[in-house]
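Here are my notebook entries from a look through the structure shown below.

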Amino acid sequence: MIASARVWKFGNGLNTDVLAPGLYFKLPAEEAVVHCLESVRPEFVKEVRQGDVFVAGDDLGIGSSREQAPQNLKMLGISAIIARSFARIFYRNALNIGLPALVCAEADQIEDGDKLSIDPVAGSITNETKGQTYQCDPIPEHLMEMIADGGLMPHLKKKIAAGQK
Amino acid sequence: MPMTLAEKIVARASGRQQVRPGEIVTCSVDLAMCHDSSGPRRYGPRLKELGASVWDPTRVVVVSDHFVPAVDAESARILKLTRDWVAENKISHFYDMEGICHIKLAEGGHLKPGMFVCGGDSHSTNGGAFGCYMAGYGATEMTGVMVTGEIWVKVPETIRVNITGDFGPAVSAKDIMLHLCATLGMDNHFRVVEYGGPTVRSMSMRERMVLTNMAAELGAETGIIEGDEITAGWLREMGAEVPADVLDWKGDDDAGYLAQHQLDIQSLPPQVAAPHSPENSSAVENHTGTLVDQCYIGACTGAKLSDLHMVAKVLKGHKVAKGTRLLVAPSSTAAMRDAAADGTLQIITEAGAIMLPSGCGACAGLGAGILAAGETCISSTNRNFQGRMGSGDSSVYLASPYTVAASAITGRIADPREYV
């Protein structure tokens, strides 16, 4: 359950090149992260706070397979990402690193600065600012165990320990 | 129930007689590819953390193509780490600074119809040109593949694109893909784009790869093209074994497609995608006259031998204009060698082009040829998102190798049909 999180709202087609510019690929993750979204919204990195929520329109994360795109958001404190639709690799990457990614047809109703409460398991979002509730598409059932484990790495660790590899 | 080619491969890889779109299945991976950026530097530490080893080193291909050749201590460190990891894990196939991963998989004869392949790079869709199912994944998910040899797939719907008509002068597969980015859009997520029709059947493997490579720009799970005699001929030419079933991997005639699109290219003009998205594509005439600081021939999409031939055809007898620069980074050392042998390189260098090493280079904002703030580039690569090739304040137009070469001659975006 994520409570009273501040929304950072973006539009359609937000791509991996702006989320994680290739120019900084060689840098350690903690140095590269400060360049996240610098070409489109430079104040984001400075003002984002632990627990905030990232909301976008269609095609969130179109482009590269670079995991740094959702990883940067997670490192900056983002607790969940919500979009009308996701690019496939970005979606898989987010869930694999343990960052809840929710598909919500009504994401357009959410505005920058709104306060949300999110139940990722039930797939429900309450917009406290607007007094609205939205339903998300369920996270695929076969991934729920991995998400409960905190992502693919802890999930693999658990399976290997149990001899199920 | 009839199945598309993609469904048949997923069914085979998941050990089922039948799969249907929407089902979630676990597939056994026939081959896994990774490169120096998202590969060993990421999964080396993760495998150690898990205390796990690579499930089958004979089924792994590693390619160093992103940080090549090293330009500083950090890129040198990453390349060395990659070499050391390959040796330590006894990986069977390693291409160290020989070209871009998607091209090396093709040149190495690794891809054959019916295979299920995972790649640690979004343009892994490229491999679908060989009639296999090959999609891209991120580094953590590829770590999972390295450990288990398996991956989950939500069986995608297939969209069929039937292409008819002959290419006009100075028009190529790249123009088809830029046109499709504008018409089909970039939100075909979790869908397969299958290309067919007489135009595709007559295309070379190198040109077919452009169609599947840029399926990534359509947002697709992957692109795919049924194998045929041209596919078999490529495998023979590359010295690879041609499997007995090379021609057998085809979709059923009555397979269900999510949508079928007809594209007649007889009158398709050269296309240019304006900044900052491939879907901003339209006829070259909408952009002619735009000043360009840099003209770039490179990447898996736009610097194969066939692309270098297009460049030479336009440049022959011309010089690169003052005020602009033409950078050429062949997609592999083999492409460079073949272009040197057949005289292509001579034409390109006599025109004043600057030759760069084979690798991902400036396409991904790495290596030589990146852009300063305020600069404009026309490029034969596949993506022009803001900041893709350098400064966040630079601009990239995408076009075919013909159009990039013509623009180098004038220093402005130019219609290549005036030069062929």
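**Notes on a strand pair and its surroundings**

I began with strand β9 of chain B (residues 191-196), which pairs with β10(B) in the parallel sense over three bridges. Strands here are DSSP runs of E with at least two residues, helices are runs of H or I with at least four residues, both numbered from the N terminus, and two strands pair if DSSP finds at least two bridges between them. I looked up one partner: Val193(B) bridges to Gly223(B) in β10(B).

Before going on, I noted that this is a predicted model, where local features need pLDDT of at least 70 and side-chain atom pairs count only at pLDDT 80 or more, while totals for chains, interfaces and linings use all residues. Residues are numbered from 1 along each chain as its sequence is written, and chains are lettered from A and ligands numbered from 1 in the order in which they are written.

Next came the whole sheet: it is open, with four strands in the order β10-β9-β8-β11 (chain B) and parallel pairing.

I then checked helix α1 of chain B (residues 5-13), and seven of its nine residues are buried, that is, with 20 or more other C-beta atoms (placed from the backbone) within 10 Å of their own. Among them are Leu5(B), Ile9(B) and Ala13(B). Gly15(B) follows α1(B) and has a positive phi, near 70 degrees.

Last, the interface: 37 residues of chain A are in contact with 38 residues of chain B, counting C-beta atoms, placed from the backbone, that lie within 7 Å. On the chain A side, α1 (16-19), α5 (88-96) and α7 (152-161) each give two or more residues.

Conventions: Contact = placed C-beta atoms within 7 Å. Buried ≥ 20, exposed ≤ 12 C-beta atoms within 10 Å, placed from the backbone.
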